[in-house]
Amino acid sequence: MNNLREVNDDILKDWLDFREEMVLGTLTKEYRKHYIYFDDIAENILKNVPKQNQKYVKSQLDRLDENFMDYICYWNEKYYRNGFCDGVQLINRSLSL
């Protein structure tokens, strides 16, 4: 069971990717309220940056977006993966009583 707790490429990862695509495609009003509108925020920042600095600021904003998404994806996957493993362990224990 410990190897399932590791974040890697497996069937659980495929399921999490599928769920992410499905949820993002069907954002409810409540979800949209908490959605991070990074592109809009970046555009507003770039509008207020001098022309000579826009390329650099844009590259840094892109790096920030990519880094943030990697961070969120990793911790979401770890959270759901551990919840799944805990559930399987509970079922195994109750069946072996």
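This is a predicted model: local features need pLDDT of at least 70, side-chain atom pairs count only at pLDDT 80 or more; totals for chains, interfaces and linings use all residues.
Residues are numbered from 1 along each chain as its sequence is written, and side-chain values use heavy atoms, with hydrogens and water left out.

The structure holds three salt bridges, meaning a side-chain nitrogen of Lys or Arg within 4 Å of a carboxyl oxygen of Asp or Glu.

Let's start with Arg81 and Glu77, whose closest N and O atoms are 2.7 Å apart. Both residues lie in helix α5, four residues apart, about one turn of the helix; helices here are DSSP runs (H or I, at least four residues), numbered from the N terminus. Are these two buried or exposed? Arg81 and Glu77 are both buried, where buried means under 20% relative accessible area, exposed over 50%, and partly exposed in between, with a 1.4 Å probe and protein chains only. For Glu77 the value is 7%. The C-alpha atom of Glu77 is also 9.0 Å from that of Leu12, 65 residues away along the chain.

Helix α5 also carries Asp62 and Lys58, again four residues apart, and their salt bridge spans 3.3 Å from N to O. Asp62 is partly exposed at 40%, and Lys58 is partly exposed at 42%.

Finally, over to helix α4 (residues 38–47), where Lys47 and Glu43 sit about one helical turn from each other. Their closest N and O atoms are 3.8 Å apart. Lys47 is exposed at 59%, whereas Glu43 is partly exposed at 44%.

Notes: Helices (H or I, at least four residues) and strands (E, at least two) are DSSP runs, numbered from the N terminus.
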